[in-house]
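User: Please take a close look at the strand pairing here. Tell me what packs around it, too.

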Amino acid sequence: LAVVAAGAMTMGMAMPTFAADGGKTTEAWITKTYYTEVGKAEKFSFTAEQVKTGTGIITTDAAVTMPEISFTDTETGKTSRRGKITFPTYPEAGKYEYTVKEIQTADPAVVNGDHEKMIMSKAEYTMDVYVTENTEGSLVIDNIIVKKMKDDKGDDAQGTKVTDIGDTDTNGFNFTNT
């Protein structure tokens with residue numbers, strides 16, 4: 001019986017395991033939340049700087065294209081919009097890492113007078129893109145994992161994993177301005 005039990009336990013260790021979050025993500029969206037009481041049209045931009053150092057990180061250039069997200073002058077209060085991140089054709093399999101931030105200027109620029117000022121988001125995220133070769137020999141995105149490193153105030157967010165980076169109302173890959 002001991003031999004049978006040991007064999008069963010050995011087989012159990014070889015069984016595949018599945019993530020509790022339901023699977024892998026192969027596309028990413030960012031959300032821009034804009035609070036305004038004056039109804040000012042604004043366009044917000046973002047950067048995704050590729051990290052070139054670290055264990056196991058691919059250093060071959062592979063720039064992603066970040067969306068610009070705009071709001072009209074008729075929108076007041078809290079408004080949110082999402083934009084899809086465009087990924088390149090990756091040159092090799094492995095892990096690509098990016099630091100994602102909001103560009104600290106809005107278009108048009110906000111005058112920092114006595115009574116008006118834009119409070120820009122200081123949020124910062126790490127986006128890891130895992131690229132593998134599929135059965136046809138093409139390189140494809142296998143998974144994307146986003147971690148929040150800083151909150152909108154610029155305070156440490158301790159690398160909290162963002163569970164929803166899709167085109168949904170619960171998207172947590174979010175930058176908030178006032």
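Analyst: Two strands count as paired if DSSP finds at least two bridges between them. Strands (E, at least two residues) and helices (H or I, at least four) are DSSP runs, numbered from the N terminus. This is a predicted model: local features need pLDDT of at least 70, side-chain atom pairs count only at pLDDT 80 or more, and totals for chains, interfaces and linings use all residues. Residue numbers start from 1 along each chain as its sequence is written, and side-chain values use heavy atoms, without hydrogens and water.

The chain holds one helix and 10 strands. From the N terminus, the elements read α-β-β-β-β-β-β-β-β-β-β.

Start with the sheet of three strands. The sheet is open, its order is S5-S1-S10, and its pairing is mixed. Strand S5 (77–84) and strand S10 (174–177) are the edges; each has a single partner strand, so one side of each is left without a neighbour in the sheet. Neighbouring strands here are turned by 15° against each other on average, direction ignored (axes are lines fitted to C-alpha atoms, and angles run from 0 to 180 degrees between N-to-C directions). Strand S1 (residues 29–36) pairs with S5 in the antiparallel sense, over eight bridges. In this pairing, Thr-33 stands opposite Ser-80 of S5.

Now the sheet of five strands. This open sheet runs S3-S6-S7-S8-S9, with antiparallel pairing. S3 and strand S9 (156–161) stand at its edges with a single partner strand each, so one side of each lacks a neighbour in the sheet. S6 and S7 are antiparallel partners over eight bridges. Val-100 faces Tyr-125 in S7.

Next, the packing. The largest nonpolar core has 32 residues, and Phe-87, Tyr-90, Met-127, Val-129 and Phe-173 touch the most other members (a core is a set of buried Ala, Val, Leu, Ile, Met, Phe, Trp, Tyr and Cys residues joined through side-chain atoms within 4.5 Å). Elements that give two or more residues to this core are S1, strand S3 (46–51), strand S4 (69–71), strand S6 (94–102), strand S7 (124–133) and strand S8 (139–150). S7 gives the most, with four residues. Beyond its neighbours within four places in sequence, Phe-173 has contacts (heavy atoms within 4.5 Å) that include Trp-29, Ile-30, Val-100, Tyr-125, Met-127 and Val-146.

Glu-102 sits in strand S6. It is buried, with a relative accessible area of 4% (buried is under 20%, exposed over 50%, partly exposed in between; 1.4 Å probe, protein chains only). A polar atom of the Glu-102 side chain lies 3.2 Å from the backbone nitrogen of Ser-121. The side chains of Glu-102 and Asn-177 are joined by a polar contact of 3.4 Å (N or O atoms within 3.5 Å, one able to donate a hydrogen and the other to accept it; residues adjacent in sequence count only if both atoms are side-chain atoms). Leaving aside neighbours within four places in sequence, Glu-102 also touches residues including Lys-32, Phe-44, Phe-46, Met-120 and Phe-175.

Finally, a loop. Ala-41 lies between S1 and strand S2 (42–44). Ala-41 is partly exposed, at 33% relative accessible area. Not counting residues up to four places away in sequence, Ala-41 touches Phe-71, Thr-72, Asp-73, Asp-107 and Pro-108. The C-alpha atoms of Ala-41 and Asp-107 are 8.4 Å apart, although 66 residues separate the two along the chain.

For the whole chain, buried residues make up 36% of the 178. Of contacts with a separation of 6 or more, 66% link residues 24 or more positions apart.
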